[in-house]
Amino acid sequence: MKELKKMDEKVQLYFEEYGKGTPVVFVHGFPLDHTIWYPLLPFLQGKARLILPDLRGHGKSPATKGGYDMGALADDIKDMLDGLNIRQAVLVGHSMGGYVSLAFARCYPERLLGLALVASHAAADTPERRQGRLQTAGEVERRGVKSLARTMPEKLTAHPELIEPLRRLILQANPAGVAGALRGMADREDMTRRLSEINVPAVIIAGAQDSLIPLEKSKEMERLLPRGWLVEVPGAGHLPMMEAPEMVAEALQRLFEKI
Ligand code: MLT
């Protein structure tokens, strides 16, 4: 990997694969796993080769100690693609998965066919947000993920039927993985200036009611990505792939058609 920090310890990511065709890697957000993408499968199966990994320390992938640099998480994806003999792929990144996808775009531009940023953005943390993350990382290491599971689901979605399944998912999260991701996100660099270098078809999918990512950030990315366009999803919050899967699948299909 070029320039960005490396993690010494390699891990093999758990992943699931569905269908044939152009490889598309779906990178989940924090502190979730590959299952968030399942609602898209009925719409996208048969349209591309869908690859759903769990990031290091999440879902069924092993955790390592220390902070998870976004570039190093991108390396894990690159290693997974190497293991599958896949030279180029489309990356679909949700929130933190978007930060990982942007790091991948920076480190391996020649491997990227197209990009979807779902409820994500390119900016770094503000100093306050960074401090908050580091504090939460320490708390999770000391006391586990219960408090995160209590407070986070309501911030992710306004759809009441999704709250309990999300809570159960977060309760299963590995504290070392959660702390590693929080530390990695806290230290991530601002990618805004680098968006102009990402010269592949790129769709930004934004929930109109996302309380975590202001729509203005998505509009800014649309302006800065040379081949970017924005799809705003009405009635969706931070998890449009679960809240409005048909519309998200449509937006992704349009991206696949442009590859
Ligand atoms: C996520 O959904 O991955 C997180 O909300 C991202 C973040 O905290 O910045």
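**Entry 1: Gln253**

I looked up Gln253 and placed it in helix H11 (residues 245-258); helices here are DSSP runs of H or I with at least four residues, strands are runs of E with at least two, and both are numbered from the N terminus. The model is predicted, so local features need pLDDT of at least 70 and side-chain atom pairs count only at pLDDT 80 or more, while totals for chains, interfaces and linings use all residues. Residues are numbered from 1 along each chain as its sequence is written, and side-chain values use heavy atoms, with hydrogens and water left out.

I found Gln253 to be partly exposed, with a relative accessible area of 24%. The terms are set as follows: buried is under 20% relative accessible area, exposed is over 50%, and partly exposed is in between, with a 1.4 Å probe and protein chains only. Leaving aside residues up to four places away in sequence, Gln253 touches Phe43, Leu44 and Lys47, where contact means heavy atoms within 4.5 Å. I also checked Gln253 against Gly29: they are 224 residues apart along the chain, and their C-alpha atoms are separated by 21 Å.

**Entry 2: Ile259**

I then turned to Ile259, which is in the segment after H11. Ile259 counts as partly exposed at 38% relative accessibility. Its contacts, not counting residues up to four places away in sequence, are Thr22, Val90, Leu113, Gly114 and Pro201. From Ile259 to Gly83 I noted 176 residues in sequence and 23 Å in space, C-alpha to C-alpha.

**Entry 3: the loop between S2 and H1**

I located His28 in the loop between S2 and helix H1 (41-44). Is His28 buried or exposed? His28 is buried, with a relative accessible area of 0%. I listed the residues that His28 touches, not counting those up to four places away in sequence; among them are Asp33, His34, Trp37, Asp54, His58 and His94. The side chain of His28 also reaches the backbone oxygen of Leu32 at 3.3 Å. I read this as a polar contact, which is a pair of N or O atoms within 3.5 Å; within protein, one must be able to donate a hydrogen and the other to accept it, and residues adjacent in sequence count only if both atoms are side-chain atoms.

Pro31 is also placed in the loop between S2 and H1. I found the peptide bond from Phe30 to Pro31 to be cis, with omega near -15°.

**Entry 4: positive phi values**

Most residues other than glycine have a negative phi, and most peptide bonds are trans. I noted Ala119, whose phi is positive, near 50°. Ala119 lies in the loop between strand S5 (112-118) and H4, and at 3% relative accessibility Ala119 counts as buried. I also noted Asn85, with phi near 60°. Asn85 sits in the loop between H2 and S4 and is exposed, with a relative accessible area of 72%.

**Entry 5: helix H2**

I traced helix H2 over residues 70-83: it has 14 residues and reaches 20 Å from its first C-alpha to its last, close to the 20 Å expected at 1.5 Å a residue. The expected span is 1.5 Å times one less than the number of residues. At the start of H2, a side-chain oxygen of Asp69 comes to within 3.0 Å of the backbone nitrogen of Gly71. I found 11 of the 14 residues of H2 buried, including Met70, Leu73, Ile77 and Leu81. What covers these buried residues includes strands S1 (15-18), S2 (23-27), S3 (49-53) and S4 (89-94), together with helices H3 (96-107) and H8 (175-186).

Asn174 caps the N-terminal end of H8, with a side-chain oxygen 2.9 Å from the backbone nitrogen of Ala176. H8 is largely enclosed by the rest of the structure, because 9 of its 12 residues are buried. The cover of those buried residues includes H2, H3, H4 and helix H5 (146-151).

How do H4 and H8 pack, and at what angle? Helix H4 (residues 127-143) and H8 pack at about 165°, with their axes 9 Å apart. Axes are lines fitted to C-alpha atoms, for helices over the stretch in contact, and angles run from 0 to 180 degrees between N-to-C directions. H4 and H8 are therefore roughly antiparallel, a term for angles over 145 degrees. The contact involves residues of H4 including Arg130, Leu134 and Val140, and residues of H8 including Val178, Leu182 and Met185.

Technical notes. Angles under 35 degrees count as roughly parallel, over 145 as roughly antiparallel, 65 to 115 as roughly perpendicular and the rest as oblique.
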